[in-house]
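Subject: Structure for your files

Hello,

The structure is below, followed by what was found in it. Please keep the two together.

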Amino acid sequence: MKTMWKKTGPKQAALLAAALALLAGCDSRTATEKGQDLAKEKLDFVQGIGNVVKGQGKDLGGTVGEGVGNVVTGLGKGFDASLQAKPVRLADPEAAKAVQVTRAQELPAAADGKSKGMTVYIVSENGYEGSLRLLAMSGGAEVGRSTAKAKIDKGDAKYVDFSFDERVPLTSVDQYSLVLVK
């Protein structure tokens, strides 16, 4: 029984190797680029729905527009929930008496590309002035910390930004702990 491999010469082998090399290197995009393309595709999908609704008339558009509005509202709530996926807990009872945390999200990298951080929305019924330390925790171990000064008037709230060293692996952080600095 003859096989095709015995008849394969150097030209065919080179052609096969070139084809395999092309297939292996088809997508040279970074993970960030792939994610951006995926997000754009999803946004284009929603825009396409809107274009169809716009073209189908006022009554149908109103009904579907309300449904799309509900979808967009749900997406917004889901996005907000994802921002809070890494909870901030108050480290001690004294902190719990002074402030409450209602929202936390990662900040984009600074223009220098070196610092990155978290912004935390802090509410204080009795007011608070002093330093706060945010500990980045991964698997129960501290992997980074940042300290920021805050002045929150009685019954008020504000965002407090915490900058971390560029080497802190924020993507592996599963929880943050807020500490009052004395």
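Ser124 sits in strand β3 (helices, H or I of at least four residues, and strands, E of at least two, are DSSP runs numbered from the N terminus). Ser124 is buried, at a relative accessible area of 0% (buried means under 20%, with a 1.4 Å probe and protein chains only). A polar atom of the Ser124 side chain is 2.9 Å from the backbone oxygen of Ala98. Beyond four places in sequence, the residues that Ser124 touches are Ala98, Val99, Ile152, Asp153, Lys154, Gly155 and Asp156 (contact: heavy atoms within 4.5 Å).

This is a predicted model, in which local features need pLDDT of at least 70 and side-chain atom pairs pLDDT 80 or more, while totals for chains, interfaces and linings use all residues. Residues are numbered from 1 along each chain as its sequence is written, and side-chain values use heavy atoms, without hydrogens and water.

The chain has 4 helices and 7 strands, in the order α-α-α-β-α-β-β-β-β-β-β. Of its 182 residues, 22% are buried.

The largest nonpolar core holds 24 residues (buried Ala, Val, Leu, Ile, Met, Phe, Trp, Tyr and Cys joined through side-chain atoms within 4.5 Å). At least two core residues come from each of α4 (93-98), β3 (116-124), β4 (128-138), β5 (141-152), β6 (156-164) and β7 (175-181), and β4 gives the most, with 4. Ile122 is one of the residues with the most contacts inside the core.

Regards

Conventions
Buried < 20%, exposed > 50% of the residue type's maximum accessible area, 1.4 Å probe, protein only. Polar contact = N/O pair within 3.5 Å; in protein donor to acceptor, adjacent residues only side chain to side chain.
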